[in-house]
Amino acid sequence: MEACSVHEYLCLIEQLKKNYTYAEGIAIFGTQTYTPHFIYRGHSNHKKYKLLPGVFRERVVSPGHTTTEYSQLEFNILNDFISEACRFVKDIPVEDIPAWLEIAQHFGVPTRLLDFTENPLVALYFSCIGAPKEDAAVWILNEPAYNKKFFFEGPLVLTIKSKQMVSKIVSDEIVYQDYQVQHYSNPDYIQWPWIYKPHYHEERMNLQSSIFMIWGADRRPLTEFVSTNEFMTDETVTNQTNGLICNIIIPANRKHELLNQLNLCGINEKFIYPGMDGIGRYINQKYSSRN
């Protein structure tokens, strides 16, 4: 799938929603209609970036050898951030590790969180804002289908269940950092990334309609968890009940025009980054794009 305009992009999303809405008979309750709820993530360089949190991204240390640069120091990194930032964020206790993890993610600290958004235009903006010579992509994840496959959850996940899942991953994977081999197949540990909506501790998270995935014991990219028959399509559908994920490619030569179209929709630097920082970015973009 490919989109060259905001209109074409939104039409593709609407077609995907139509394709993956279906009814299923359930004992006692009758017929249940399953409607997709999509979350989105934009990548400015489709070929370079994987659906993987920053703390697990690899770097080459020598020919043929790679390492995850930050993962063994995950709690050290987070604790250093809390030590430095707690004097500016006074309403969150230093013991509230999940909340600090979310704040750290939004200020560029490598964590096991991966940002998504409920707003497809925000994801499109992030796909277009960088790497002007590279094709971009917006990844789309069908949240109910994902939860059904990996966690046997219904269309609605209870808030208390979500909080318990996040707390367990933070405790097992970050605070106690259990790296035993059996950890990655032991059912006592949460293996798959968990999707949740954070508390919006700062305005940027609110305006970007933030959704997080927090990685569990399995540290592979998200696309390696799903099979090819679980990718969604806008054409003839043969996997209506198990469509989980797909992407829409944004050609490099359309990024500039798409940013202009998004600006007409109010999606620009001053929206994405509220405050003086965003105003500065907006003015710079406004005048640098006049030529």
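Modeller: The questions below concern a predicted model.

Colleague: How are the rings of Tyr 125 and Phe 126 arranged: stacked, tilted or edge-to-face?

Modeller: The ring centres of Tyr 125 and Phe 126 are 5.5 Å apart, and their planes stand at 75 degrees. Planes over 60 degrees apart count as edge-to-face. The pair is therefore edge-to-face.

Colleague: Is Tyr 125 buried or exposed?

Modeller: Buried means under 20% relative accessible area. Tyr 125 has a relative accessible area of 2%, so Tyr 125 is buried.

Colleague: Phe 151 and Trp 194 also form an aromatic pair. How many residues apart in sequence are the parts that this pair ties together?

Modeller: The pair is edge-to-face, at 4.8 Å centre to centre and 85 degrees between the planes. Phe 151 belongs to helix H5 (residues 143-151) and Trp 194 to strand E8 (residues 194-196), so the parts tied together are apart in sequence by 43 residues.

Colleague: Asp 135 is part of a negative surface patch with Glu 2, Glu 8 and Glu 134. Is Asp 135 buried, partly exposed or exposed?

Modeller: Asp 135 sits in the loop between helix H4 (120-128) and strand E7 (136-142). Buried means under 20% relative accessible area and exposed means over 50%. The value for Asp 135 is 37%, so Asp 135 is partly exposed.

Conventions: Residues numbered from 1 in each chain as written. Predicted model: local features only at pLDDT ≥ 70, side-chain atom pairs only at ≥ 80, totals over all residues. Heavy atoms only, no water. Patch = residues over 30% accessible without salt bridge, like charges linked within 9 Å, V, L, I, M, F, W, Y side chains within 5 Å. Areas by Shrake-Rupley, 256 points an atom, 1.4 Å probe, with all protein chains shown as cover. Salt bridge = Lys/Arg side-chain N within 4 Å of Asp/Glu carboxyl O. Lys, Arg positive; Asp, Glu negative; His and termini not counted. Charge placed at Lys NZ, Arg CZ, Asp CG, Glu CD. Helix = DSSP H or I, 4+ residues; strand = E, 2+ residues; numbered from the N terminus. Buried < 20%, exposed > 50% of the residue type's maximum accessible area, 1.4 Å probe, protein only. Phe/Tyr/Trp six-rings, centres within 6.5 Å; stacked < 30°, edge-to-face > 60°.
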